[in-house]
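Subject: Structure handover

Hello,

Here is the structure I said I would pass on. Please open it beside this email and follow along.

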Amino acid sequence: MSDLLARLGVELPVVQAGMGGGISRHELAAAVSEAGGLGTICTLPPDTLRGELRSARERTSKPIAVNLLLPFARRAHFEAAAEADVVVTFWGGPRRRTAGPWLHQCGSVAEARAAHAAGADGVIVQGVEAGGHVRGVEPALELLARVRDALPSGYPVLVAGGLADARDVRAALDAGAHAAVLGTRFLMSEESRARPAYKQRLLEARETVLTELFGFGWPAPHRVIWNEAAERWLTREDRTPGWLRALNRASAPLGRLAFVERLAARVPPSPSLPLLSPLPPTDGAPKALLDAGPLYAGESVARIQDIRPAGELTRALAGS
Ligand SMILES: Cc1cc2nc3c(=O)[nH]c(=O)nc-3n(C[C@H](O)[C@H](O)[C@H](O)COP(=O)(O)O)c2cc1C
């Protein structure tokens, strides 16, 4: 495991990925950290983030990470995130914004080099198998090998994408990863705040699609399972229609999550309305998002057959 994580007091080489839209909050992050891994609270408005971090601290004295999505992070987000033990950033030009330990999730060698040059304490390389928003364009272990070759030996490189069980974690570590980062597997835990029916759909799913469909306010590729909106709008080649991509691109300047959230509160989500935002069906979100919103999941969803307590999962993934 990386010296960085060991120094922080993380005992197991298992990191729970920050999952936005409110999926990974204090319950999940604290359960993973308390079990010896590193739990991550997702990007949230700054005051909510502070509250979530406080609640996580009440449950565990172990380190907690906070994830920020760079397109939406303002100074107040960084100030709130700086209270965490680790800040993990994603999507866009890496730049040091907080003094403490900082990891940046990357999808290419160029991006990993940029993060290293910007002073990141480590990088997470994301493979194309990943769930949620996907920066990677090649399999995770291939990118891992190329990034390790490109960066100084010993520099912490963690890997994300397609990992679901202890064998996958072992293979990632054997390939030189300093830790394994898992999203979809932890979404399928008791503590994640995905709606129970969303978890149920993932239990039944075998297939994912990499798309730009749910890009209103944030036109970026993401991996989801099929639902009514995906069936309705994606063409036979799994393509988002050109006009819909153009609409999503035009909406990018509005792309503050707060704006998209306000809009979503006013316009009831419907699979037939082409205002398909990146907000997933969390337990507090309208039920209609199950068919009108993104059901983010990675390719590993085909191999995940249960919903388990996150602490138990963390220990099992680490083989301990
Ligand atoms: C539901 C979901 C939401 C995600 N949201 C974020 C996010 O807000 N920030 C981020 O850095 N990564 C996010 N990711 C991507 C993860 O960081 C990670 O790359 C991915 O989950 C790894 O692939 P896996 O899902 O196969 O484990 C998300 C992934 C999922 C499944």
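This is a predicted model: local features need pLDDT of at least 70, side-chain atom pairs count only at pLDDT 80 or more; totals for chains, interfaces and linings use all residues.

The main sheet

Eight strands make up an open sheet, in the order 1-9-8-6-5-4-3-2, and their pairing is parallel. Strand 1 (14–16) and strand 2 (39–41) are at the edges with a single partner strand each, so one side of each has no neighbour in the sheet. On average, neighbouring strands of this sheet are turned by 30° against each other, direction ignored.

Is strand 3 enclosed or open to the outside? Six of its six residues are buried, so strand 3 is largely enclosed by the rest of the structure. Ile64, Val66 and Leu68 lie on one side, Ala65, Asn67 and Leu69 on the other, and both faces are covered.

Helix 6 (residues 140–150) lies across strand 5 (102–106), strand 6 and strand 8 (157–160). Helix 6 runs at about 165° to strand 8.

Strands 7, 10 and 11

Strand 11 (residues 222–225) has antiparallel pairings. Strand 7 is joined to strand 11 by two bridges, and the two run antiparallel. Strand 10 (residues 208–211) is joined to strand 11 by four bridges, also antiparallel.

Strand 7 covers residues 132–133 and includes His133. Why does His133 count as buried? Its relative accessible area is 10%, and buried means under 20%, so His133 falls below the cut-off. Not counting residues up to four places away in sequence, His133 touches several residues, including Phe90, Trp91, Trp218, His222 and Tyr296.

Gly131 sits in the loop between strand 6 (122–126) and strand 7. Its relative accessibility is 28%, so Gly131 counts as partly exposed. Leaving aside neighbours within four places in sequence, the contacts of Gly131 are Gln126, Thr184, Arg223, Ala297 and Gly298. Gly131 and Leu202 are 71 residues apart in sequence, and their C-alpha atoms are 12 Å apart in space.

Which residues come nearest to the ligand? There are 21 residues around the ligand, and Asn67, Gln105, Gly162, Gly183 and Thr184 come nearest.

- Gly131: a polar backbone atom is 3.2 Å from an oxygen atom of the ligand.
- Gly183: a polar backbone atom is 2.8 Å from an oxygen atom of the ligand.
- Thr184: a polar side-chain atom is 2.6 Å from an oxygen atom of the ligand.

Taken alone, the ligand exposes 590 Å², and the protein buries 97% of that.

Regards

Definitions and conventions: Residues are numbered from 1 along each chain as its sequence is written. Side-chain values use heavy atoms; hydrogens and water are left out. Buried means under 20% relative accessible area, exposed over 50%, partly exposed in between (1.4 Å probe, protein chains only). Contact means heavy atoms within 4.5 Å. Two strands pair if DSSP finds at least two bridges between them. Axes are lines fitted to C-alpha atoms, for helices over the stretch in contact, and angles run from 0 to 180 degrees between N-to-C directions. A residue is near a molecule or strand if one of its heavy atoms lies within 4 Å of it. A polar contact is a pair of N or O atoms within 3.5 Å; within protein, one must be able to donate a hydrogen and the other to accept it, and residues adjacent in sequence count only if both atoms are side-chain atoms. Accessible areas come from the Shrake-Rupley method with a 1.4 Å probe; for residues, only the protein chains shown count as cover.
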